[in-house]
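The following note sets out, point by point, what can be said about the model shown below. Please read each point beside the structure.

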Amino acid sequence: MADEMKVRAKLSGTTTTVKAIMYHPMESGSRKDKDTGELIPAHFIKEVKAELNGETIISADWGTGVSKNPYWSFEFDGAKAGDTVKITWTDNLGETGSGEAVIK
Amino acid sequence: MNISKRKFIQGSLYSGVLAVLGKATLLQSAFAEWPTAAFDETEYEPALKGLIGDAEMQESNVTLDAPEIAENGATVPVKVSTDLDNVEWISILGDKNPRPWISRFYFHGKSKPFVSTRIKLRESSNVVAIVKADGKLYTSKSAVKVTAGGCV
């Protein structure tokens, strides 16, 4: 799936700033379908991690309070232009998604 | 010749197994302890207790950047950073949300103790950031007025 995430990684001085948007409904499980009145089942990213050249640099646990199509930005040192940052998520249904960016 | 070859093969097998084990441990530690006890609670105090137990928090060293007024509670930008060293994690909560615990970020290697994210707020409430560094807890909160609640 090409459209599951957008990732940008930019080096400035010694610090790399990563900005990512993951396309995911982040359904809380407490919202009702407007037409049927039935609860929409919970569907949300639970775990996400970012790797630099295959090594985890930052990770997170998320609940249902993270907004739809989650935005996440973070910073780290020790990378150089051309290195690869990869972000991978796993949701409560066991689905996964990923995206990566070459540091510019 | 045969023996040294066998030893070589054994050696490389062992290091292969160790490498795989090492990787598995690393993955586990990166994803350790998803905070079910905090997530399951529907009130702020129990959710906080689920996250940190009865530990004391110091109201210092945490910079929390959240808007005073959020027009759309479904997507409220929040930034958290700290001047502390050896930061283990940063967690974010919304004290009036149906599930007050929102997220927790873990810092490895050369990552900076900073996070920028967007959260849902059901109504006007306090956003609370908690930082764990060197085994101690630090916190800051910020009141956000929500004009249209997020579908949480």
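1. Chain B holds three helices and nine strands; helices (H or I, at least four residues) and strands (E, at least two) are DSSP runs, numbered from the N terminus. Along the sequence the elements of chain B run α-α-α-β-β-β-β-β-β-β-β-β.

2. This is a predicted model, in which local features need pLDDT of at least 70 and side-chain atom pairs count only at pLDDT 80 or more, while totals for chains, interfaces and linings use all residues. Residues are numbered from 1 along each chain as its sequence is written, and chains are lettered from A and ligands numbered from 1 in the order in which they are written.

3. Of the 152 residues in chain B, 37% are buried, a residue being buried if 20 or more other C-beta atoms, placed from the backbone, lie within 10 Å of its own. Two residues are in contact if their C-beta atoms, placed from the backbone, lie within 7 Å. Among contacts in chain B between residues at least 6 apart in sequence, 66% join residues at least 24 apart.

4. B:Lys132 belongs to strand β8 (residues 125-133) of chain B. Why does B:Lys132 count as buried? B:Lys132 is buried because 22 other C-beta atoms lie within 10 Å. Leaving aside residues up to four places away in sequence, B:Lys132 touches B:Glu88, B:Trp89 and B:Leu137. A separation of 10 Å lies between the C-alpha atoms of B:Lys132 and B:Gln58, which are 74 residues apart along the chain.

5. Between the chains, 29 residues of chain A are in contact with 33 residues of chain B. On the chain A side, the elements giving two or more residues are β3 (45-52), β4 (55-62) and β5 (71-77). The largest share, eight residues, comes from β4(A).

6. A six-stranded open sheet has the order β1(A)-β2(A)-β5(A)-β7(B)-β4(B)-β2(B), with antiparallel pairing; two strands pair if DSSP finds at least two bridges between them. β1 (5-12) of chain A and β2 (62-65) of chain B stand at the edges, each with a single partner strand, so one side of each has no neighbour in the sheet.

7. Where do the two chains pair? β5(A) and strand β7 (residues 114-119) of chain B pair in the antiparallel sense over two bridges. A:Ser73 stands opposite B:Ser116 in β7(B), and the bridge partner of A:Trp72 in β7(B) is B:Thr117.

Methods:
Buried ≥ 20, exposed ≤ 12 C-beta atoms within 10 Å, placed from the backbone.
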